[in-house]
Amino acid sequence: MPRSKQESSHSFLYLCLTCILCWLAYSCVTIFNYAESVVSDMKNDLSQYFVSNEKISAHLSEILPMLEESHQLNQQLKLTKIESLGIEGFNITSDQFSEYAGALIAQGDVVNLPFNLSLFMHELDRSWAEEDNSAPGAFFTYYSEGQQFAYTKNRLNLSSQPPRLTPFRYRKDDISIDYKKPILTTLERSYPKGNSIVVLITPVFVNNKLVGDLGMRFKLEKQMLDSLGPWLSQYMTLDIEFRDQKFSIGDNRFFPQILFKQEEYNGITITAYMRTDYITKYVLPWFLSMLFIMAMVYCVLNKHKKEAIRLSSLSKTDELTGLFNKRVLDEMGEMGVTKGTLFYIDVNDFKDINDNYGHQVGDDALRYIASGMRYCMRASDVCIRLGGDEFLIVTNTQILNPEKIKRKLHQAISGTAFTKDITLSISIGYSHFDDITSLTQSIHQADKQMYEEKSRYRTSE
């Protein structure tokens, strides 16, 4: 097959392969984009909480020194004592101290605090309201053992379990007392339900001394699910690691060493992975569907192409002999023929065969000649029936000894009897051509030489 036709036959397969590779590349890019989006959303959510808490913490550090002058007003605070829990405070029941939004839980002599506690709590209420943050929060103090309190963002209803009000409510052994950066950690046996919670700790310093911690409670797993969304939560996993803690949503990670997105923020590692379910339930069905559709399209197009080739071949094929007809001369260039040698063949006394033995025998004679031409020539040579009893052979290389080929053709066709009563005779002329554009001229030259041989044949009879 000529090179141009080989390229044409494979072009659709190349197109299919390109489409498949593009689809795989698109799927990988999509996975990374989804992972990057989830990590970015989670980081932005955490950033909002960090910024919000730091803003309130900075404000508290500023106002605490201003409230020192009116600290004697703490004597007017009337706290409700709960003997069974060993605490006192207000807003512990819903009908108490409605002017405060939250709840005060006190242990020890909080009326002697060195600042106005009432104004401080109002300021906390205002700051939380301005931040418009729905996350539960609380402020714990680090004054003397006899002046411990916690002010919560929401009202509480204490019944049986007292809160842990110690100088190090949020400070564990591995968190330095002078640690000045916000940190995410977990609290065990937290108040009020006794289960572990994730909390953001933002320290409050006055004159470079730690006076309290502003805490914000996280529903971290819910926050992670919100970042994933209802659709991605089916196909993606999200890990958050901080200190010695790790929270995960989802499992069955797909190539976790390669297909992941990870970012660090304030000591928190956020990592998103694509789940195997995304590949098996989403990418693979789409890929197989696309592959099936492309295979069907290829089969249909290939069938039409083969039919078109068959019809085209029929239009250039002589129905009687199976050789090419003269239409193929217009496509020699496409068949890879640029220069070569051609042989013009004509049957001697063919009219007498038709007149004496009938057209059926004449047709058999033409098929016999075509068979002899095929036998003598190479597969790459083009054998053509021009019409009637005239034939043409075109080679794709110039024959150095055309007389040898000529004798071979005479021997194959005229050297043996066609039937017991008939021996065929042919006349042959040949010519060389150096360029496909000179093919017509070469045919005329070969035709002229063939008629010269035919004249000699008739003279010798």
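**View 1. Asp-349 in a loop of the predicted model.** At 31% relative accessibility, Asp-349 counts as partly exposed, because that class spans the range between the under 20% of buried and the over 50% of exposed residues. Asp-349 sits in the loop that joins strand E13 (340-347) to helix H5 (350-357). Its phi is near 55°, a positive value in a residue other than glycine. Most residues other than glycine have a negative phi.

**View 2. Asn-208 in the loop between strands E7 and E8.** Strand E7 covers 197-206 and strand E8 covers 209-218. Asn-208 is not a glycine, yet its phi is positive, at about 65°. With 59% relative accessibility, Asn-208 counts as exposed, because the cut-off for that class is over 50%.

**View 3. A nonpolar surface patch with Val-297 among its members.** Phe-292, Ile-293, Met-296, Val-297 and Leu-301 make this patch. The patch has an area of about 480 Å². Val-297 belongs to helix H4, which runs over residues 276-315. Val-297 counts as partly exposed, at 37% relative accessibility.

**View 4. Residues 1-7, where pLDDT stays under 50.** For this stretch the model has four contacts beyond four places in sequence. Where pLDDT is low, the predicted coordinates should not be read in detail. For the protein chain, the mean pLDDT is 82. Of the chain's residues, 89% reach 70 or more.

How values were computed
Residues numbered from 1 in each chain as written. Predicted model: local features only at pLDDT ≥ 70, side-chain atom pairs only at ≥ 80, totals over all residues. Heavy atoms only, no water. Patch = residues over 30% accessible without salt bridge, like charges linked within 9 Å, V, L, I, M, F, W, Y side chains within 5 Å. Areas by Shrake-Rupley, 256 points an atom, 1.4 Å probe, with all protein chains shown as cover. Salt bridge = Lys/Arg side-chain N within 4 Å of Asp/Glu carboxyl O. Helix = DSSP H or I, 4+ residues; strand = E, 2+ residues; numbered from the N terminus. Buried < 20%, exposed > 50% of the residue type's maximum accessible area, 1.4 Å probe, protein only. pLDDT = per-residue confidence, 0-100. Contact = heavy atoms within 4.5 Å.
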